[in-house]
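This report describes one protein chain, from its overall make-up to selected residues. Please consult the sequence and structure shown here while reading.

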Amino acid sequence: MKIAQLAILQAVITVKGGVAMSEPIKIELTIPSISDYVGVARLTASGIASRMKFSHEEIEDIKIAVSEACTNAVQYAYGDHVGQIKLVFTIQDQYLEICVKDNGKGFDVSAPVEEASQDPDKIGLGLGIVFMRSLMDKVEYKSSVDQGTEVVMIKKLSVAHSADM
């Protein structure tokens with residue numbers, strides 16, 4: 001097995017007046033599609049959400065949603081070989097956007113969940129998206145067969161927390 005590399009790429013921070021951001025902050029993280037590294041994505045999400053002053057409950061929701069998106073990529077994207085999962089955390093004044101992308105097998109988004117769940121290799125496929133939607137304010141996904149999958153999730157700051165930033 002080749003050595004899996006973990007890379008945290010450059011974070012560019014622009015702060016105006018010490019409080020409000022004039023440009024979004026983007027933090028990129030690339031992990032191998034190995035289940036042991038999903039925790040690294042969770043910790044990164046937790047640290048960013050904590051810095052943004054999300055509540056403890058909101059941070060837990062974000063961590064679970066990120067884990068679910070990464071775990072789906074680990075389980076379904078690359079089959080028996082190791083690929084990469086790229087996460088982009090975009091910090092805005094009022095919300096956190098998280099994009100989880102793989103370049104793996106992808107799937108047909110038009111196939112109903114019931115149809116996919118009849119295949120033993122795809123049991124539960126589609127339920128993770130429903131779960132992520134219950135935890136985040138917005139979840140969108142794009143996937144194409146042999147093109148990979150991208151999940152974009154947004155969690156808005158509550159009014160009480162955003163006033164403190």
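## Burial and overall make-up

Of the protein's 165 residues, 40% count as buried, where buried means under 20% relative accessible area, exposed means over 50%, and partly exposed lies in between (1.4 Å probe, protein chains only). The model is a predicted one, in which local features need pLDDT of at least 70 and side-chain atom pairs count only at pLDDT 80 or more, while totals for chains, interfaces and linings use all residues. Residues are numbered from 1 along each chain as its sequence is written, and side-chain values use heavy atoms, with hydrogens and water left out.

The protein contains five helices and six strands, these being DSSP runs numbered from the N terminus (helices H or I, at least four residues; strands E, at least two). Along the sequence they follow the order β-β-α-α-β-β-α-α-β-β-α. A contact is defined by heavy atoms within 4.5 Å; among contacts between residues at least 6 apart in sequence, 65% join residues at least 24 apart.

## Confidence of the model

The mean pLDDT of the protein is 82, and 74% of its residues reach 70 or more; pLDDT is the predictor's confidence in each residue, on a scale from 0 to 100.

Helix α1 covers residues 38-51. The expected span of a helix is 1.5 Å times one less than its number of residues; for the 14 residues of α1 this gives 20 Å, in agreement with the 20 Å between its end C-alpha atoms. Its buried residues are Val 38, Ala 41, Thr 44, Ala 45, Ser 46, Ile 48 and Ala 49. The elements that cover them include β2, α2, β3 (84-91) and β4.

Two of these covering elements can be followed through single residues. In helix α2 (residues 56-76) lies Ser 67, which is buried because its relative accessible area is 11%. Leaving aside neighbours within four places in sequence, Ser 67 is in contact with Val 38 and Arg 42. In strand β2 (residues 25-32) lies Leu 29, which is buried because its relative accessible area is 1%. Leu 29 and Ile 85 are 56 residues apart in sequence, yet their C-alpha atoms are 8.3 Å apart in space.

## Cysteines and the aromatic pair

The structure holds zero disulfides, a disulfide being a pair of cysteine sulfur atoms within 2.5 Å. Cys 70 counts as buried at 0% relative accessibility, and Cys 99 counts as buried at 11%.

A search of the whole structure finds one aromatic pair. Phe 107 and Tyr 141 form this pair, which is stacked, with 6.1 Å from centre to centre and 25 degrees between the planes. Rings of Phe, Tyr and Trp (its six-membered ring) pair if their centres lie within 6.5 Å; planes under 30 degrees apart count as stacked, over 60 as edge-to-face and the rest as tilted. The pair links distant parts of the chain, 34 residues apart: Phe 107 is in the loop between β4 (95-102) and α3 (113-117), and Tyr 141 is in strand β5 (residues 138-144). Phe 107 is partly exposed at 23%, and Tyr 141 is partly exposed at 26%.

## Loop residues

Lys 105 also lies in the loop between β4 and α3 and is partly exposed, with a relative accessible area of 45%. Its C-alpha atom is separated by 6.2 Å from that of Tyr 78, 27 residues away along the chain. Beyond residues up to four places away in sequence, Lys 105 touches several residues, including Tyr 76, Gly 79, Ser 144 and Asp 146.

Asp 146 is placed in the loop between β5 and β6 (148-156) and is exposed, with a relative accessible area of 60%. Most residues other than glycine have a negative phi. Asp 146 has a positive phi of about 65 degrees although it is not a glycine. Lys 53, likewise not a glycine, has a positive phi of about 70 degrees. Lys 53 lies in the loop between α1 and α2 and counts as partly exposed at 37% relative accessibility.
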